[in-house]
Amino acid sequence: MNLAKIFISALLIDNIVLMRFLALCPFIGMSIDVSKSVGMGLAVTFVTVIATVVTWPLYNFVLLPLNLTFLKILVFILVIASLVQLVEFFLKKNVPGLYASMGIYLPLITTNCAILAVTFDNISKGFNLIESVVYAVGVALGFMLSLVLLAGVRDRLKTAPIPKFLQGTPILFASTSLLAVAFMGFSGLIK
Amino acid sequence: MKKDILRLGIALALFAAGACAALAVVYTVTGPTIAGHEREQLQASLKDLFPDADDFIEVDGAIRSSVPDVTVMGSWKAVRGDATLGVAIRASAASYGGDAVMLVGVATDRRIAGARVMTISDTPGLGANATNPAYFVDKAAKTTFPGQFSGKSVHDAFEVKNDVVAISASTITSKALTSIVKEAGVVGSAWLEANASGGSR
Amino acid sequence: MKRMWKIFVKGLVVENPLLMLMIGLCSSVAVTSSVSNGIGMGLAMTFVIVFAELVISLFRKLIPSDARIPIFIIVIAAFTTMVDLSMQAYFPALSKSMGVFIPLIVVNCIIMGRVEAFASKEKPLDAVVDALGMGLGYTWVLIGIAALRELLGNGTLLGARVMPEAFQPILFFILPPGGFMVFALFISLNLWLKKKIATGDAVREAA
């Protein structure tokens, strides 16, 4: 499958948040403003790509030949958790401002469904290493895109007349619903 | 300090070992059952395409796809006694929500013996109707989407909206599945030509 | 006994993980496109949370605090894998239909959250009761949302046709946007319920 196709599918057509419903917790929690969204998006992109580069060879050169594929879930999530610990450590020492502003959401990257889903997808879709990395970048940027979009919407919502029964979180989901409709329009984009 | 890290390491190692051991046990119990399901499903599908066959022999890697969009995953020769009835080809292509996998039977008379959708992850109510036994592309004849390929000559155009009826509002799915059947027909009949004598054009 | 009942009921309504605490949302919108998927997910998750809370509570004195997160992950991942393998073996059709969401139970914030907040500090029996409450609270909401989506979006419930022949299914509800919309309404309903309970309590206290 050619790389551009993989990338565009991951970014838009099969957007991880708006079409596949993954990574909703950080989506609702971190889309408060655009800068937080970008920060979270970049952190997630970094972790996803490194996680791919570590888990793909681990699965194909260790688990598979040794007939240990049933340890996939255990091994992958531990790799991601360790990576996030490393990122936390690095940020705390070198970029303390970002570390402080991300707060609890930094360790929560471990439980980001999207990252784990990407590592599983790489295996189930039979990608080679390059395709896996391209896919990982596409998905992570798609995640960031959806966060930035919702952050923009939330900004407008601050001054909008919202019906009482939708105030608070419900309006966020309703807005996401409309964003999802827009993204469904991408489905004919390729071929 | 060192003692602490050692303690942590040992605790982690013990839990990890315990988890792996427990999982190994569960895997040995469930593994054969899971493999069994796949085998059964394959056998049932092969029989569905070639009801007269009494055996299916795997054709090792000889059949490959000739177009980049379709991947041939496996092929089985359907035999009855000494005679070859045809070849069943499992192939996949990218569809709307991920890869779709089909099993296509090509008979020795160069016609499609049948087509079955094995895996599809498209939208329920739209693309997923490919596997819906109650969804008909021809309501009068009660033909399902994959059903319309039975008896079709491999030399046909295989064009959606031309000689193939699409699933309504699911052009992408319809095109993907059609391309699989078409390619299976092409490589299947080529293989039969080279490996199985007889059969009419 | 009354104390345990209180722990159990907490997860069902007042501290319902999906509607009140708003965690574990990831899989919920995706698996509620059909009731069978909703039930499958709910029960699978309940299995994992009950056993995870049980094991972690049993070993709570032996888990060093600094290594607790990785150990929690190991335990949760182990039970998730067990559920995944068992479903593949004994419920292959359901397993295929749920796809990647069963393995994703391992990152379900609810389980991690409860294990950290409750199981690591409480006795095993209490932990199991808490897990049951949370698990069933999760499950009933999933079934509720799935029932609405499947009924309106497909005219069926658990695959059996329920709506009259003349009813034209509204595809919107099965598709992603519909999922989000129904979720929005459920949360709205629950916030309203929460307010009613709060004012009800206030009135009772004042009285």
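1. Let me start with burial in chain A: of its 191 residues, 45% count as buried. Please keep in mind throughout that this is a predicted model. Among the contacts of chain A between residues at least 6 apart in sequence, 80% join residues at least 24 apart.

2. The C-alpha trace spans about 60 × 45 × 25 Å along the principal axes.

3. One backbone detail in chain A deserves a look. A:Ala23 is not a glycine, yet its phi is positive, at about 65 degrees. You will find A:Ala23 in the loop between helix H1 (3-13) and helix H2 (24-30) of chain A. Is this residue buried or exposed? A:Ala23 counts as buried, because it has 30 C-beta neighbours inside 10 Å, and the cut-off for that class is 20 or more.

4. Chain C comes next, with eight helices and two strands. Its elements follow the order α-α-α-α-α-α-α-β-β-α along the sequence. Chain C is as compact as a globular protein of its length, because its radius of gyration of 18 Å is close to the 17 Å that the globule rule gives for 207 residues. The C-alpha atoms fill a box of roughly 60 × 55 × 30 Å along the principal axes.

5. Burial and contact range can be read together for chain C. Buried residues make up 50% of its 207 residues. Of the contacts with a separation of 6 or more, 74% are accounted for by residues 24 or more positions apart.

6. Helix H1 (residues 2-12) and helix H7 (residues 124-154) of chain C pack at an angle of about 25 degrees, and their axes are 6 Å apart. H1(C) and H7(C) are therefore roughly parallel to each other, since angles under 35 degrees fall in that class. The crossing of H1(C) past H7(C) is right-handed.

7. Which residues make this contact? From H1(C) come C:Met4, C:Ile7, C:Phe8, C:Val9, C:Lys10, C:Gly11 and C:Leu12. H7(C) answers with C:Asp126, C:Val129, C:Asp130, C:Leu132, C:Gly133, C:Met134, C:Leu136 and C:Gly137. By class, the contact of H1(C) with H7(C) has nine nonpolar, three polar and three charged residues.

8. Now to where chains C and A meet. The contact takes 34 residues from chain C and 32 residues from chain A. On the chain C side, helix H2 (25-31), helix H4 (68-90), helix H6 (109-119) and helix H8 (176-206) each supply at least two residues. Which of the elements gives the most to that side? H8(C) does, with eleven residues. The residues of chain C that touch chain A divide into 29 nonpolar, four polar and one charged.

9. Chain B has two helices and five strands, running α-β-β-β-β-β-α from the N terminus on. A compact globule of 201 residues would have a radius of gyration near 17 Å, but chain B has 22 Å. Its C-alpha trace spans about 80 × 45 × 30 Å along the principal axes. Buried residues make up 40% of the 201 residues in chain B. For contacts between residues at least 6 apart in sequence, 54% in chain B join residues at least 24 apart.

10. B:Ile57 counts as partly exposed because it has 13 C-beta neighbours inside 10 Å. Leaving aside residues up to four places away in sequence, B:Ile57 touches B:Trp76, B:Lys77 and B:Val79. B:Gly18 is 39 residues from B:Ile57 along the chain, and their C-alpha atoms are separated by 42 Å.

11. Finally, chain B has a backbone detail of its own. Phi of B:Lys142 is near 55 degrees, a positive value in a residue other than glycine. The residue lies in the loop between strand S5 (112-119) and helix H2 (171-195) of chain B. B:Lys142 is exposed, because 11 other C-beta atoms lie within 10 Å and the class takes residues with 12 or fewer.

Notes
Residues numbered from 1 in each chain as written. Chains lettered and ligands numbered in written order. Predicted model: local features only at pLDDT ≥ 70, side-chain atom pairs only at ≥ 80, totals over all residues. Helix = DSSP H or I, 4+ residues; strand = E, 2+ residues; numbered from the N terminus. Rg over C-alpha atoms; globule rule 2.2 N^0.38 Å. Contact = placed C-beta atoms within 7 Å. Axes fitted to C-alpha atoms, helices over the stretch in contact; angles between N-to-C directions. Parallel < 35°, antiparallel > 145°, perpendicular 65-115°, else oblique. Left-handed = near helix turned anticlockwise from the far one by under 90°. Nonpolar A, V, L, I, M, F, W, Y, C, P; charged D, E, K, R; others polar.
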